[in-house]
Amino acid sequence: MSCSLVISVIIPITNVLPDLAGPEASVAELTDFICAAQIAKSADAYLPHESKLPNIYIENGTHKKRKFYECEILKRKKQRGYGSNSFGGDNETIRLPKPMIGFGVPSEVTELCPVFHRALPDAAIGPPYFYYENVALAPKGVWDTISRFLYDVEPEFVDSKYFCAAARKRGYVHNLPINNRFPLLPLPPRTIHDALPLTRKWWPEWDTRTKLNCLQTCIGSAKLTERIRKALERWDGVPPLNVQKYVLDECRKWNLVWVGRNKLAPLEPDEVEMLLGFPRNHTRGGGISRTDRYKSLGNSFQVDTVAYHLSVLKDLFPGGINLLSLFSGIGGAEVALHRLGIRLKNVVSVEISEVNRNIQRSWWEQTNQTGNLIDLADVQQLNGDRLEQLMNSFGGFDLIIGGSPCNNLAGSNRVSRDGLEGKESSLFFDYFRILDLVKCIMGRQQ
DNA sequence: TTAACTATGAACGGTATA
DNA sequence: TATACCGTTCATAGTTAA
């Protein structure tokens with residue numbers, strides 16, 4: 001991975017541009033430089049054809065790159081106004097809605113069904129359509145930065161507990177229409193008891209949970225559930241309140257469910273698949289370990305939620321779509337589109353994990369897809385020439401979808417919750433880079 | 001029997017929101 | 001105050017191959 005190079009790039013840039021960010025540069029200015037540096041690491045890839053670009057880019061050697069950075073920085077500054085702050089400032093604009101239903105959820109699941117209207121900024125209007133996803137509860141300022149880069153589109157925050165039996169608080173930035181959405185059918189079970197009927201028999205009255213918490217990448221251990229069992233066995237009947245609280249705290253933390261008398265267990269991989277809207281055994285086979293199944297699933301989309309947002313594409317593209325899927329994981333976007341009945345004509349899927357690529361490839365074959373699947377490993381290697389070559393072969397992308405790594409944003413991370421500049425999460429800037437490149441190329445082709 | 005590799009268990013706070 | 005969180009790291013058990 002060349003991510004580690006990013007950090008080393010940041011310092012020289014602040015040094016070579018003292019007029020813009022000297023040692024006294026504010027946090028906001030430095031943040032801009034960092035953002036620019038993320039793009040800069042792929043600056044050559046960013047520029048598709050020098051001959052087609054404005055003169056400012058056409059200079060010799062490294063000077064070209066420097067001009068490019070300057071241009072980017074000034075553009076960002078102009079966009080948001082000088083002096084605003086991306087981190088920890090008190091002038092943040094983006095707040096999480098309550099209830100977290102974004103621009104609406106299927107009317108069957110809530111009484112609250114306000115009619116939303118939104119006007120997209122001109123720069124955000126496609127083609128292509130784009131759809132970006134990440135954790136809602138990111139450090140302060142992260143969603144402001146994401147939104148600013150993605151053409152100032154307002155994020156849509158949705159908790160998947162309105163679609164299935166497990167919570168999943170996520171933000172989505174997209175330029176799709178928001179009217180006339182429809183959900184996947186059948187609607188998935190929305191309570192723990194409906195989703196996991198076998199647990200009903202053992203569920204004690206004092207465990208009042210009806211929804212699971214967010215399905216994460218790790219599960220509770222057998223030792224933990226054994227400890228809980230022993231703690232409960234000391235009491236015949238209802239345990240005292242302090243024991244109840246201990247057990248419930250662990251249940252909530254690890255998403256444990258009741259599978260026997262005094263017996264709790266973490267969800268099985270196929271239960272996680274079901275809750276997230278994937279076909280049973282989607283992640284099975286191909287030599288993947290149980291641990292890795294949890295990891296791949298924990299990193300994935302909730303299919304029903306994403307499909308609801310993507311459903312508007314069905315009427316727009318009756319003949320099917322060409323899809324660029326970045327950080328595609330186990331193929332949540334592809335599964336969502338397939339379940340919506342939208343034909344996948346050409347899919348360029350970029351995913352760093354080999355087992356995930358295998359999972360997606362075998363799903364592609366099992367579902368008898370008639371389109372063409374091209375899988376690539378590294379978004380950082382996807383440059384303008386390769387994109388243009390791909391797009392020339394089938395006429396551009398209709399949708400660019402992806403959820404970039406959340407490792408450095410997620411609340412569970414006690415070690416490296418470094419925000420968008422973190423090692424993995426900085427790949428967001430590659431999502432933006434590639435999206436902007438495709439917009440640029442498609443704009444030229446029209 | 002080793003050694004190398006793989007899978008699992010357990011400990012590890014802090015931020016943000018209500 | 002209470003609750004939730006697409007996680008990381010290291011030790012060790014378990015497995016494979018020579």
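Predicted model: local features only at pLDDT ≥ 70, side-chain atom pairs only at ≥ 80, totals over all residues.
Residues are numbered from 1 along each chain as its sequence is written, chains are lettered from A and ligands numbered from 1 in the order in which they are written, and side-chain values use heavy atoms, with hydrogens and water left out.

Reader: Let's start with the DNA: which residues surround DNA strand B?

Author: Near here means that a heavy atom of the residue lies within 4 Å. By class, the surface near DNA strand B has one nonpolar, five polar and six charged residues (Ala, Val, Leu, Ile, Met, Phe, Trp, Tyr, Cys and Pro count as nonpolar, Asp, Glu, Lys and Arg as charged, and the others, Gly among them, as polar). Those around DNA strand B are K98, P139, K140, S221, K223, S289, R290, T291, G411, N413, R414 and R417.

Reader: How far is a base nitrogen of DNA strand B from a polar backbone atom of G411?

Author: Polar contacts here are pairs of N or O atoms within 3.5 Å (within protein, one must be able to donate a hydrogen and the other to accept it, and residues adjacent in sequence count only if both atoms are side-chain atoms). The backbone of N413 puts a polar atom 3.3 Å from a base nitrogen. For G411, the distance from a polar backbone atom to a base nitrogen is 3.0 Å.

Reader: And what share of the atoms of DNA strand C within 4 Å of the protein belong to sugar or phosphate?

Author: DNA strand C has 24 residues around it, and the closest are R170, C214, T217, C406 and N407. By class, that surface splits into six nonpolar, 12 polar and six charged residues. For DNA strand B, sugar or phosphate accounts for 49% of the atoms within 4 Å of the protein. For DNA strand C, that share is 65%.

Reader: On to the helices: is α11 parallel or oblique to α13?

Author: Helices (H or I, at least four residues) and strands (E, at least two) are DSSP runs, numbered from the N terminus. α11 (residues 303-310) packs on α13 (residues 332-339) with axes 9 Å apart and an angle of about 60° (axes are lines fitted to C-alpha atoms, for helices over the stretch in contact, and angles run from 0 to 180 degrees between N-to-C directions). Under 35 degrees is roughly parallel, over 145 roughly antiparallel, 65 to 115 roughly perpendicular and the rest oblique. So α11, relative to α13, is oblique.

Reader: Which residues in α7 meet α8?

Author: α7 (residues 222-233) and α8 have axes 11 Å apart at about 160°, which means they are roughly antiparallel. On the α8 side the partners, with heavy atoms within 4.5 Å, are V243, Y246, V247, E250 and W254. From α7 come L224, R227, I228 and L232.

Reader: Is the crossing of α15 and α16 left-handed or right-handed?

Author: α15 (residues 384-394) and α16 (residues 428-445) pack at about 50° with axes 10 Å apart, and are therefore oblique. A crossing is left-handed if the near helix is turned anticlockwise from the far one by less than a right angle, and right-handed if clockwise. The crossing of α15 and α16 is right-handed.

Reader: Which peptide bond is cis with omega near 0°?

Author: Most residues other than glycine have a negative phi, and most peptide bonds are trans. The bond from G126 to P127 is cis, with omega near 5°, and P127 sits in the loop between α4 (61-80) and β1. P128 lies in that loop between α4 and β1 too. The cis bond with omega near 0° runs from P127 to P128.

Reader: Where does N262 lie?

Author: N262 isn't a glycine, yet has a positive phi of about 60°. N368, also not a glycine, has a positive phi of about 50° and is in the loop between α14 (354-366) and β8 (372-376). N262 is in the loop between β4 (257-260) and β5 (263-265).
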